Amino acid sequence: MKSSSTFSLAGVVSTVVLLGAVLALPASAQSLLDKAKSQEPLVAGIANEQPYGYIGPDGKATGANIEVLRAVLKPLGMTKIDTPIVDFGALVPGLAAKRFDVIGAGLFINHARCQVIGFSNPVTRSGGAFIVRKGNPLNLHSLKDVAANPQARLGTQNGTNQIQEAKDSGIATANVVLFDKDTEALAALKAKRIDAVYFPDAEIISLLKKEADPTVERALPFQQIPDAHGQPGYNYHAFGLPRNDRAFIDAFNAQLKALRASGELLKILQKYGYTANELPPEDIQASQLCATPGK
């Protein structure tokens, strides 16, 4: 009986191992680079947010991330891109579930996201910023200011780093109001349901420019969250990529590096209000940022 049981268990284990190896073969051999050969469109999920990836007046996808994505993919033979629109909070789960191939929205690299998706190397760096009502009635110039005022309510976006930053800064959960869109947060500010809109600086600049409303303004100066060395801390935007497609990630990063070296990356970004100050140091890579817990 013992011998029979041992044999049976070994057979099951061997079968499982063999089956796992067979099932793993297509995943390891298949890469998004193969889409170029078959002329299939690459599917890039976006959240329809300026300046990252949005639908323009002509009904076509545009934005800083979309233009950079096209420039990176073209040398790889990928010229067809589909851009389904989803809520921001659905981007990472959508890529992990293979509902699309890459994330074409503005997405920060952080340790938690790196456990479920891959990332390109950083494209831009970003600090935070507030929009407040004209005159900044509660004198809010940092997350610490919001935390110190129990009456102050902060509006930000569902599924973003800003939620954890608010928590880490001591802001009560009840005083953080979440929205799907930056425009919804701005409308709540105007209606006095919140007292500050907290988003990345590039998005704040774009939103204020688009709305052109004299009843609201950017809170200046603004104190960035300090890093471990006490210096102003930054987040780093990148493209969300398939976690296990090393060939595609390496090819993508090589083209991104070439785009920056040629100066073309900055030219694209400048059309959307970015400056050289928003370019990350060239030696910062996704692997470093992914390895930093809590980032």
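Predicted model: local features only at pLDDT ≥ 70, side-chain atom pairs only at ≥ 80, totals over all residues.
I started at α9, where D201, A202, E203, I204, S206 and L207 are buried.

Next I went to the partner helix, α8. It spans residues 182-190, and its buried residues are D182, A185, L186, A188 and L189. Looking down the axis of α8, I get these within an arc of 160°, so they line one face of the helix. The buried residues of α8 pack against β8 (128-133), β10 (176-179), β11 (196-200), α9 (201-211) and β12 (216-218). After α8 comes K192, and I noted a positive phi there too, near 65°.

**Whole chain**

I stepped back for the overall counts. The chain has 12 helices and 13 strands. It runs to 295 residues, and 47% of them count as buried. For contacts between residues at least 6 apart in sequence, I find that 71% join residues at least 24 apart. The exposed surface comes to about 14900 Å², with carbon and sulfur atoms supplying 57% of it.

**Cores**

Which residues have the most contacts inside the largest nonpolar core? I list L42, V68, L69, L73, V102, F248 and F252, in a core of 31 residues. At least two residues of this core come from each of β1 (42-45), α3 (64-73), β13 (235-241), α10 (246-261) and α11 (264-270). The largest share is that of α10, which gives six residues.

Leaving out residues up to four places away in sequence, L42 touches L32, K35, L73, M78, K80, I81, D82, D101, V102 and F248. Another core lies apart from the largest one; it has 20 residues, V92, I103, I117 and A286 among them.

**Disulfide**

How many disulfides does the structure hold? I count one. It joins C114 and C290, with their sulfur atoms 1.9 Å apart. I put the torsion about the S-S bond of C114 and C290 at about -65°, so the disulfide is left-handed. C114 sits in helix α5 (residues 111-114) and C290 in helix α12 (residues 286-290), so the pair ties together parts that are 176 residues apart in sequence.

Are the two cysteines buried or exposed? C114 counts as buried because its relative accessibility is 8%, and buried means under 20%. C290 is also buried, with a relative accessible area of 18%.

**A loop residue**

Last stop was N244, which I found in the loop between β13 and α10. Buried or exposed, then, for N244? N244 is exposed, because its relative accessible area is 71% and the cut-off for exposed is over 50%.

Notes
Residues numbered from 1 in each chain as written. Heavy atoms only, no water. Buried < 20%, exposed > 50% of the residue type's maximum accessible area, 1.4 Å probe, protein only. Helix = DSSP H or I, 4+ residues; strand = E, 2+ residues; numbered from the N terminus. Arc of directions from axis to C-beta. Contact = heavy atoms within 4.5 Å. Core = buried A, V, L, I, M, F, W, Y, C linked by side-chain atoms within 4.5 Å. Areas by Shrake-Rupley, 256 points an atom, 1.4 Å probe, with all protein chains shown as cover. Disulfide = S-S within 2.5 Å.
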